[in-house]
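Dear colleague,

Please find below the structure I am handing over to you. My notes on what was found in it follow directly after.

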Amino acid sequence: MTTSQASVSFTTASVGKKVLMAITGICLIGFLIVHLIGNLQLFIGQEQLNKYAETLQSLGGLKWGFRLFMLVLAVIHVWKGVVLWLENRRARPIGYHREDTVQASLSSRTMIYTGLLIFAFVVYHLLHFTLIVTNPEYAQLKDSVGRVDVYSMVITGFSNYAIAIAYLIAMFLLAYHLSHASESFFQTMGWANDKYLPKLKILSNLFAIVIFIGYASMPIAVLLNIVKLPGGGN
Ligand code: HEM
């Protein structure tokens, strides 16, 4: 294989990986939007959030199928991201780094780090709220009709400053990752040209800000005592 053939096949393989990352990424973004809308019911109250959580639990097999699908998407996204990052590092000629640094934004250069930190956050989050491993005392929380009290669980969780701040940092990293990810999605799919790119960049940043405000509003509302435990305590 000649050098130019090798570089063409490397580029094609990279584009293939990027398309897979873009498609899995957009599905994960879809989950983030639905999850945010679901969780914002915290502001409506205990009855609403617990009813919603109970409805999700009652989906049984469908819920497990969806969880498995999301897990596969997340693993592909992270795996391909790491492989692409390693390949780019290996392919980068000496002296290229400084030029590249001038052109690429900080958010694009730190995608691998923000991505891996978000992955670590999701593992913690699952142990915290879904599997209730880090705080087993949440398992006792039941509402007046005997349902799992997700409302009190979230408020109790965020009443702990360390947990609330850890979530806020994770939400910031997520937003930072998304600010470049959405823009990158349009570029990978070939839907961004010189005319639309600046507008897409603004749109990606706005989307990241909305996601940050939406998710951060919950720990902040608990810390500021805007949403409280049913008895009025915190
Ligand atoms: C303030 C922010 C958040 C709150 C209050 C929150 C709340 C919750 C709760 C209560 C559950 C458990 C649902 C249940 O088992 O009934 C859950 C599950 C989950 N959350 Fe979050 N979440 C937040 C942010 C995030 C973020 C940023 C991500 C992704 C980056 C995420 C990903 C997940 C996943 C993957 C699950 C498991 C879903 C499942 O069990 O099917 N969450 N979340």
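In α2, the buried residues are Gln46, Leu49, Asn50 and Ala53. A residue is called buried here if 20 or more other C-beta atoms lie within 10 Å of its own, exposed if 12 or fewer do, and partly exposed in between, with C-beta atoms placed from the backbone. These buried residues line one face of the helix, because they fall within an arc of 95 degrees when α2 is seen down its axis; the arc is that of the directions from the helix axis to the C-beta atoms. They pack against α7. α2 itself has twelve residues and reaches 16 Å from its first C-alpha to its last, close to the 16 Å expected at 1.5 Å a residue; the expected span is 1.5 Å times one less than the number of residues.

Two remarks on conventions are needed. This is a predicted model, in which local features need pLDDT of at least 70 and side-chain atom pairs count only at pLDDT 80 or more, while totals for chains, interfaces and linings use all residues. Residues are numbered from 1 along each chain as its sequence is written.

The chain has nine helices and zero strands. Helices (H or I, at least four residues) and strands (E, at least two) are DSSP runs, numbered from the N terminus. Of the 234 residues in the chain, 20% are buried. Among contacts between residues at least 6 apart in sequence, 78% join residues at least 24 apart; two residues are in contact if their C-beta atoms, placed from the backbone, lie within 7 Å.

The ligand is surrounded by 19 residues, the closest being Ala53, Phe129, Thr130, Tyr215 and Met218. A residue is near a molecule or strand if its C-beta atom, placed from the backbone, lies within 6 Å of it. At least two residues of this shell come from each of α1 (3-39), α2 (46-57), α6 (111-130), α7 (150-159), α8 (161-188) and α9 (197-223). The most are given by α6, with six residues. By class, the shell has 14 nonpolar, four polar and one charged residues. Here Ala, Val, Leu, Ile, Met, Phe, Trp, Tyr, Cys and Pro count as nonpolar, Asp, Glu, Lys and Arg as charged, and the others, Gly among them, as polar.

The largest nonpolar core has 26 residues, and Val154, Leu174 and Ala175 have the most contacts inside it. α2, α7, α8 and α9 each supply at least two residues of this core, and α8 gives the most, with ten. Such a core is a set of buried Ala, Val, Leu, Ile, Met, Phe, Trp, Tyr and Cys residues joined through C-beta atoms within 7 Å. Leaving aside neighbours within four places in sequence, Val154 is in contact with Leu42 and Met218.

Alanine 208 lies in α9 and counts as buried because it has 22 C-beta neighbours inside 10 Å. Not counting residues up to four places away in sequence, alanine 208 touches Ala175, Leu178 and Ser179.

Most residues other than glycine have a negative phi. Isoleucine 132, in the loop between α6 and α7, has a positive phi of about 50 degrees although it is not a glycine. Asparagine 225, in the segment after α9, likewise has a positive phi, of about 65 degrees. Asparagine 225 is exposed, with 11 other C-beta atoms within 10 Å.

With kind regards
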